[in-house]
Amino acid sequence: MISRSSYDLGKGVVLAQEQQEWSVAQLATRLGTSRMQVYRYREAQDLKFSKVCQLAEIFGMSVESFLELCRR
């Protein structure tokens with residue numbers, strides 16, 4: 001997991017979602033999960049690295065670019 005002190009991964013999900021102009025339902029469909037799970041990701045302070053990689057790919061950005069959105 002990534003240090004909680006440096007990154008707010010939920011914030012990154014929200015910002016990337018806003019950049020794409022996707023609803024929660026649209027993001028859930030792209031991730032193959034429920035809307036409730038997307039809401040959990042949006043509130044998460046940390047996530048497994050594999051999930052960070054998946055989110056970056058879904059949003060069409062590198063992991064580094066996604067993490068830049070997550071910096072506090």
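Me: Helices (DSSP runs of H or I, at least four residues) and strands (DSSP runs of E, at least two) are numbered from the N terminus. With that settled, where does Glu-21 lie?

Reply: Glu-21 sits in the loop between H1 and H2. This is a predicted model, where local features need pLDDT of at least 70, side-chain atom pairs count only at pLDDT 80 or more, and totals for chains, interfaces and linings use all residues. Residues are numbered from 1 along each chain as its sequence is written, and side-chain values use heavy atoms, with hydrogens and water left out.

Me: What is the average pLDDT of the protein chain?

Reply: The protein chain averages 92 on pLDDT, the predictor's confidence in each residue, from 0 to 100. At least 70 is scored by 93% of the residues. Among the elements, H2 has the highest mean (98) and H5 the lowest (95).

Me: Why is Glu-21 called exposed?

Reply: Its relative accessible area is 70%. Exposed means over 50%, buried under 20%, partly exposed in between (1.4 Å probe, protein chains only). Glu-21 is therefore exposed.

Me: Which other residues of H1 are buried, and what covers them?

Reply: Besides Ala-16, the buried residues of H1 are Leu-9, Gly-10, Gly-12, Val-13, Val-14 and Gln-17. Their cover includes H2 (24-31), H3 (35-43), H4 (49-58) and H5.

Me: How does the span of H1 compare with the expected one?

Reply: H1 has 12 residues and reaches 17 Å from first C-alpha to last. The expected span is 1.5 Å times one less than the number of residues.

Me: Why are H1 and H5 called roughly perpendicular?

Reply: H1 (residues 9-20) and H5 (residues 63-70) pack at about 110 degrees, axes 7 Å apart. Axes are lines fitted to C-alpha atoms, for helices over the stretch in contact, and angles run from 0 to 180 degrees between N-to-C directions. Roughly perpendicular covers 65 to 115 degrees; under 35 is roughly parallel, over 145 roughly antiparallel, the rest oblique. H1 and H5 are therefore roughly perpendicular.

Me: Which residues of H5 meet H1?

Reply: Phe-66, Leu-67, Leu-69 and Cys-70. On the H1 side are Leu-9, Lys-11, Gly-12, Val-13, Leu-15, Ala-16 and Gln-19.

Me: How do you know how H4 and H5 are oriented?

Reply: Their axes cross at roughly 100 degrees and come within 9 Å. H4 and H5 are therefore roughly perpendicular too. Phe-49, Val-52, Cys-53, Leu-55 and Ala-56 of H4 touch Val-63, Phe-66 and Leu-67 of H5.

Me: Why does Leu-67 count as buried?

Reply: Leu-67 has 14% relative accessibility, so it counts as buried. Leu-67 is in helix H5. Its C-alpha is separated by 19 Å from that of Glu-21, 46 residues apart along the chain.

Technical notes
Contact = heavy atoms within 4.5 Å.
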